[in-house]
Amino acid sequence: MAPLELHKTVVSISLYYLSAFRRDFRRLDVGSIVSFKFPTLITLSQSRRNHSPLAQRLDSPNSFENERVHAIANYHDACHASGTDSFYFSLLDNSTTTCHLNQLHAQLLVSGLRENGFLITKLINVCAGIGEILYARKVFDEFSDPGVFLWNAIIRCYNMCNMFSHVAEMYLRMQWTEVHPDPFTLPYVLKACREMGLLGMGRAVHGQIFRYGFDCDVFLQNGLVALYAKCDRIDRAKVVFDCMDDRTIVSWTSIISAYAQHGHAIEALRTFKEMRRQADAKPDWITLVSVLRAYTDVEDLEQGRSVHGCIIKMGLEFEQDLLISLTASYAKCGQVAAAKSLFDLVANPHLILWNAMISGYAKNGYASEAVELFKEMIAKNVEPDSITVTAAISACAQAGSHELSRWIDGYIINSSGYGNDLFVNTALVDMFAKCGNMDLARAVFDRTDDKDVVMWSAMMMGFALHGQGNEAIDLFCAMNRAGVWPNDVTFLGLLTACKHSGLVREGWDFFHSMIDYGIEPRHQHYACVVDLLGRAGYINDAYNFITCMPIQPGLTVWGALLSACKIHRHVALGEYAAEQLFLIDPRNIGHYVQLSNLYASAGMWNQVSEVRKLMKEKGLSKDLGYSLIEVDGKLHVFHVGDKSHPRFKEIVKELADLERRLKGAGFVPDTESVLHDLNEEDMEDSLCNHSERLAIAFGLISTPPGTTLRIIKNLRACVNCHSAAKFISKLENREIIVRDVNRFHHFKDGVCSCADYW
């Protein structure tokens, strides 16, 4: 080594406590010290299954500890790698193939250097570098009495290849041979424990850190924080962090990330503020990723924007992990346009960024955009994962498109490789149920092996949406026979099925059986029982049930009672329920509409006017009703009295013909629905201008005879349109499937699947 290089090496060592190093160096096995290099965790180019920017930081080659190790190794090379050792060291350093390794290994054996720890360690490191793990293990096993640094080399070798079970195995063997670990052994072992979730072994390593006096090593302490966080022991991670005397930016980021990744957003933000106040270290992109996640979880858009501004000032706006976090943050807070603008900044988005954007669209009701982006992703040959596929399925379920649902099912079976994925198949069951096709939902359910409680519950909820109460009960019995234990969602599906089918006794019994399964009823369960009793006319019983609830009644409970009072025109109790609702949520337009409809059904027009006046004073406006119908894979939207459709004249002509035929068949319009159905449609001169009637008429003129019409309505269908749809299904010999805000209605041969119980 040249004198200048030697001088640089010595200077670098002095930066890392030269005096401490000189004291410890006397105990080192100088024949193997060159092996010290710390592992690099999974990077962005590798599997993102356990993506964590902090993991990269913990094992970064630029970290304080790694620089110290490389300085020590270089110092040893300068002082000891001379003569024969230096010659073979140089050859090994330039070896790039297995052939080279075989030749050099043979030469070492011939030259009597098989026990040279320095060269054998280097040989193992080179094996690891070119992926010859088995060869490295063979070399290690042939060494008669390996010291700590040779053990470190083979452990590091397995660590580099993410073979964590072998790391644990070799560490245990090292203990059995009574070779004591040093500060450079344990980071590898902590990483292995972290990746495999070996909390018990990790705690044992923690004990050894104290036993061997390494408890002040900040690198090991950071590793312990990450270990406990990964094993869901945030309390222990906090204890380790609180005991640290010398906290680096990695230390702060470790604990902030631990809080953020485990849903403790408030604690993450509190710790971040403490770091800004107490520490000299400035946050970097890894810290900001966790901070953004925390602000996203609490849906604090303004603070998220502040972090975005900080990112721009720091020049980190093109850092991929931050782009992912920012995109997810804006999308979750409903700012999908801002999220898409960030997404478009990346020429070749990583899969995680695609997932963030597609999920953002789906979760904010932009179903069409989510599906289109998913198709664009496939067209660019980006391989989706189960998260992508599930988000796309969710979007198809929102759209309610029968064509889209069939397309994505075909894609999953034929192209995606997720045809047997339980998570994906559960989403498919939910999608087909929400798209009105219970036959396909049942087909997916039946073809899935090893069903878990989530899939059973999804199928049960599907039956509930379609008013198939008896089928839901039969499925619950089959689930019990299969030995699958129900959860709270299972009973929510059962109770919903019972309330939509008028199965009062069965629903009541199921509710009281929840305690037998150790399940505590939630607000949704109580609301289902109130709805169950109220729809059946047991209004007073429903009220008495509310007064006996062990928890404070919420919006869903009082809302169910008000809805039942509207159906059965129980004004006094309905007024009381509305008062409770106004106290809890005075800005919810739906409660005022329900009360207005209750007054209108009872002919109390002065009270109707008062409610409308109150709504106007509060600046509340009702939701605009609309209906969707899918024809040839395209969704057509209709609003009440809509005249904007290109085929409007044909639609009007078809409506007039339908009105004539309906009257001839004995249909009598329910004019009362025009007077009080404020929540569904504006009052019009003719009932036939309601959005679902326009959609039905368009479907009749746009599809061949006998084609099933599938309609989605964003509000509850009015009584008149419900009756008319029954007549039309018989006159036209068509099945008409309508999905309203609450459930499905299947009209066929003049009958609705709800049996007029809705």
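These are my notes from a look through this predicted model.

**Whole chain**

I started with the overall tally: 40 helices and 6 strands in the protein. Of the 758 residues, 53% count as buried.

**Serine 457**

Next I went to serine 457, which sits in helix α27, residues 453-465. Buried or exposed? Its relative accessible area is 4%, and the cut-off for buried is under 20%, so serine 457 is buried. Leaving out residues up to four places away in sequence, I found serine 457 touching Asn487, Val489 and Thr490.

Then I moved on to β5, residues 744-748. Since 4 of its 5 residues are buried, I noted β5 as largely enclosed by the rest of the structure.

Which way does β4 run against β5? The two pair in the antiparallel sense, over 4 bridges, with β4 spanning residues 736-739. I picked out arginine 739, which stands opposite phenylalanine 744 in β5. β4 and β5 make a hairpin, and 4 residues lie between them.

I looked at β6 (residues 751-752) as well; β5 and β6 run antiparallel and are joined by 2 bridges. Here phenylalanine 747 stands opposite cysteine 752 in β6. β5 and β6 also form a hairpin, this one with 2 residues between the strands. I checked the turn too: aspartate 749 there has a positive phi of about 55°.

Methods. Residues numbered from 1 in each chain as written. Predicted model: local features only at pLDDT ≥ 70, side-chain atom pairs only at ≥ 80, totals over all residues. Heavy atoms only, no water. Buried < 20%, exposed > 50% of the residue type's maximum accessible area, 1.4 Å probe, protein only. Contact = heavy atoms within 4.5 Å. Pairing = 2+ DSSP bridges.
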